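Below are some notes for a colleague who has the sequence and coordinates open.

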Amino acid sequence: MSPNNALSIFAFPTRVVFGAGAVRELGEEAKRLGIRRPLLVTDRGIVQCGIAERILAEGNRSGLTPTVFDGVHPNPIEQDVLDGLEGYRAGDCDGMIGLGGGSALDTAKAIRLCVTHPLPLGQYDDQLNGAEKIRGNVPPLIAIATTAGTGSEVGRSAVIILKATDRKTVIFSPFLIPSVALADPELTLGLPARITAGTGLDALTHNVEAYLAKGYHPMCDAIALQGTRLAVQHLPTAVHDGRDLAARTHMMMAAIMGAVAFQKGLGAVHSLAHPLSSIAGLHHGTTNGILLPPVLEFNRASSEERLCDLAAAIGIEVHGLTTSQAATATIERIRKLLQEVDIPDRLSAFGITREMIPALAKKAMEDACHLSNPRPCSEADMIALYEQAL
Ligand SMILES: [Zn+2]
């Protein structure tokens, strides 16, 4: 990609406290932000596995008096945001802690928005220029990720399924960036293999799609290449030896890097994956992993050189290979990675049928992510890609 006359706007501003034991900084960070009565936004799984208790104990130790909202759905819906907002008001809260995977963190961002922004959530839809209506007067937010995948802890978007459209809707604003992310890989040590694999594939896809996305952005490109390398290198160990802190640490960094890099843009994988979650309830990252190889095949017509760069980044010996051979090797390596982390490579394994494809493709076209895909996608392309992944 060469520079063009269009202006780019970019920022890498999130404060991140990174490393094993980072959550012990909760009290200090809350104090710095003036938070005393936080709303802790999480889901029941995080409560059941004891992580919420650990964070609450950390908060108590620092004199915080949190209100807990643990009603976030795996694919968060508008009602979660409204229920959380009620909790915020009832608890007379003065800030927020988001604790969980992307679902809890995105819900926390949307609640944070609603505290000071009275319009219905749909009015802030990024596709309707919602960002123009978002101001910086939102309460402070401490984001604590319990998975290494979404990178929502450093990102500026929240993805919520709206009541009116039943569609995953992106709300996007620099003012939604968490005030601080506490990135503590120790929190991911007990994550089951299946979730480690699915969320890790989300991190991988963010890096790969950002690298291939249209546009001039060498800074994001550099981050995406290194993030891809970390994910390919360390995901299998994180899945099969979940107590390996080094692998968990590298995956948490890969997730953060993916989310920083995709301010450049994502691609068709995410547009295809979003309706599979909102219509059929599939896990976001797992779905991305399944769709990534067919989309890379589709994109190679416009992105062979970039696929060749990725080959070098993930340790394929490219010397002596043609660009086309290196691109093939990259796609094959990603297929092999899916096998290594025990993720089926077919959507049919998750109950998706041929009859569902036309409705999915229609929703995929409405999703904005594919607008930065390196090769333009028509509805017929979306149908063909679903069929290939079926
Ligand atoms: Zn994603």
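1. In this predicted model, helix α6, which spans residues 193–212, packs with helix α9, residues 268–278, at an angle of about 140 degrees, and their axes lie 9 Å apart. Angles over 145 degrees would count as roughly antiparallel, so the arrangement makes α6 oblique to α9.

2. The contact between these two helices is made on the α6 side by Asp202, Thr205, His206 and Glu209, and on the α9 side by Ala268, Val269 and His270. Sorted by class, the contact of α6 with α9 comprises two nonpolar, three polar and two charged residues.

3. Turning to the rings, a search of the whole structure returns zero aromatic pairs. Charges over ring faces do occur: Arg306 lies over the face of Tyr211, at 4.4 Å from the ring centre, and Arg375 lies over the face of Phe298, at 3.9 Å from the ring centre.

4. As for the chain as a whole, the protein chain contains 13 helices and eight strands, and its C-alpha atoms fill a box of roughly 60 × 45 × 45 Å along the principal axes.

5. How does the radius of gyration of the protein chain stand against that of a compact globule with 390 residues? Such a globule would have a radius of gyration near 21 Å, and the protein chain has 20 Å, which agrees.

Notes
Residues numbered from 1 in each chain as written. Predicted model: local features only at pLDDT ≥ 70, side-chain atom pairs only at ≥ 80, totals over all residues. Heavy atoms only, no water. Phe/Tyr/Trp six-rings, centres within 6.5 Å; stacked < 30°, edge-to-face > 60°. Lys NZ or Arg CZ within 6 Å of the ring centre and 35° of its normal. Axes fitted to C-alpha atoms, helices over the stretch in contact; angles between N-to-C directions. Helix = DSSP H or I, 4+ residues; strand = E, 2+ residues; numbered from the N terminus. Parallel < 35°, antiparallel > 145°, perpendicular 65-115°, else oblique. Contact = heavy atoms within 4.5 Å. Nonpolar A, V, L, I, M, F, W, Y, C, P; charged D, E, K, R; others polar. Rg over C-alpha atoms; globule rule 2.2 N^0.38 Å.
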